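Could you help me learn how to read charged side chains in a protein model? I would like to go step by step.

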Amino acid sequence: MELDIQVIQQDGSNYWLSDLGIQVEKFSPPAPTFTRTYTSVGKYNVASSETHTSERKIPLVFDVKTIDSVDQELMRLKLFDLFRGYEDFYVVSSVIPSIRWPVHADDGFNVDPYEASPIMTDDITVNLVVTGGFGETINTTANMENNIPLGFDIPFACLPPYRFTNQSDVKVFVGGSIPLLADGKTATLTFHGDVASQLSITNKTTGQVFQLNQALKKSQTLILYGMVPVVDGVNVYSKGNHAYLDYVKGINELQIAGATNYDLEFDTRYYV
């Protein structure tokens, strides 16, 4: 398969580079970069800080075919606009089209003719910085039923989507390179059900328990995204136990208590 790249801009416009006469030579995302700081402790010991993600840069290498020198100059302007550095956009590889990379162009780039040719450029390198550090599945788990992405080793017994009705014990799968943390890239829990006074949702895998001390009706919508619970658009953090839920890579076992006649949906992207 010949490598091609789709560029999707914020206004919704999108282009396959091959349709613009651009031949992609290289698009190879490197592994995530993690950094730590180190502090000497005593005479013979060193303590390290928590791990943090740092800048991740993908070199996109291509050349451009044109019909004459005027066309080459017009393509130069098109490339300047296409790989604009002042806003984020997505790129998608034709090899793995289920993953998109939120990026912005960095460092500027040159568009030079190949040996003064009016119809071919030298290889052009655009450095793409991955916004947020990770690529992500285009579909969330809610939309993966008929489009399971390759490479995530999702167990057959735990395939998405993750929608449950009146099930007190359920399992969800987190694929990709990182766990889902409430204060970072996380998942969305959506709950509809009848609650007399207190709802508890436990991630038995992490040992975390979220509680909401409030009556709910099936017609209401509780959304737990990250660290903030919201009921019908109203922040109800003060009515909870101020806890949150993280999700490890792999299978997470969830338990629901205090509710009847309910539906629960777990939705997320996978990050690489």
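The dialogue below looks at charged side chains in this predicted model.

Q: How many salt bridges are there, and what is the general idea behind them?
A: Side chains of opposite charge can pair when their charged atoms come close. Here the count comes to 10 salt bridges.

Q: Which residue forms a salt bridge with Glu 87?
A: That is Arg 84, and the closest N and O atoms are 2.9 Å apart.

Q: Is Glu 87 buried or exposed?
A: Buried means under 20% relative accessible area. Glu 87 has 18%, so it is buried. Arg 84 is buried too, at 10%.

Q: Where do the partners Arg 100 and Glu 136 lie?
A: Their side chains meet in a salt bridge of 2.7 Å, N to O. Arg 100 lies in strand 10 and Glu 136 in strand 12, so the pair ties together parts that are 36 residues apart in sequence.

Q: What is the distance between the closest N and O atoms of Lys 218 and Asp 263?
A: In this salt bridge they are 3.5 Å apart. Lys 218 is in the loop between strand 16 and strand 17, while Asp 263 is in strand 20, so the pair ties together parts that are 45 residues apart in sequence. Lys 218 is partly exposed, at 28%, and Asp 263 is also partly exposed, at 27%.

Q: Which residues form the negative surface patch?
A: They are Glu 25, Asp 112, Glu 115, Asp 122 and Asp 123. Asp 112 sits in the loop between strand 10 and strand 11, and is partly exposed with a relative accessible area of 40%.

Definitions and conventions: Residues are numbered from 1 along each chain as its sequence is written. This is a predicted model: local features need pLDDT of at least 70, side-chain atom pairs count only at pLDDT 80 or more; totals for chains, interfaces and linings use all residues. Side-chain values use heavy atoms; hydrogens and water are left out. Patches are made of residues with over 30% relative accessible area and no salt bridge: like charges are joined within 9 Å, nonpolar side chains (Val, Leu, Ile, Met, Phe, Trp, Tyr) within 5 Å. Accessible areas come from the Shrake-Rupley method with a 1.4 Å probe; for residues, only the protein chains shown count as cover. A salt bridge is a side-chain nitrogen of Lys or Arg within 4 Å of a carboxyl oxygen of Asp or Glu. Lys and Arg count as positive and Asp and Glu as negative; His and the chain ends are not counted. The place of a charge is taken as NZ of Lys, CZ of Arg, CG of Asp or CD of Glu. Helices (H or I, at least four residues) and strands (E, at least two) are DSSP runs, numbered from the N terminus. Buried means under 20% relative accessible area, exposed over 50%, partly exposed in between (1.4 Å probe, protein chains only).
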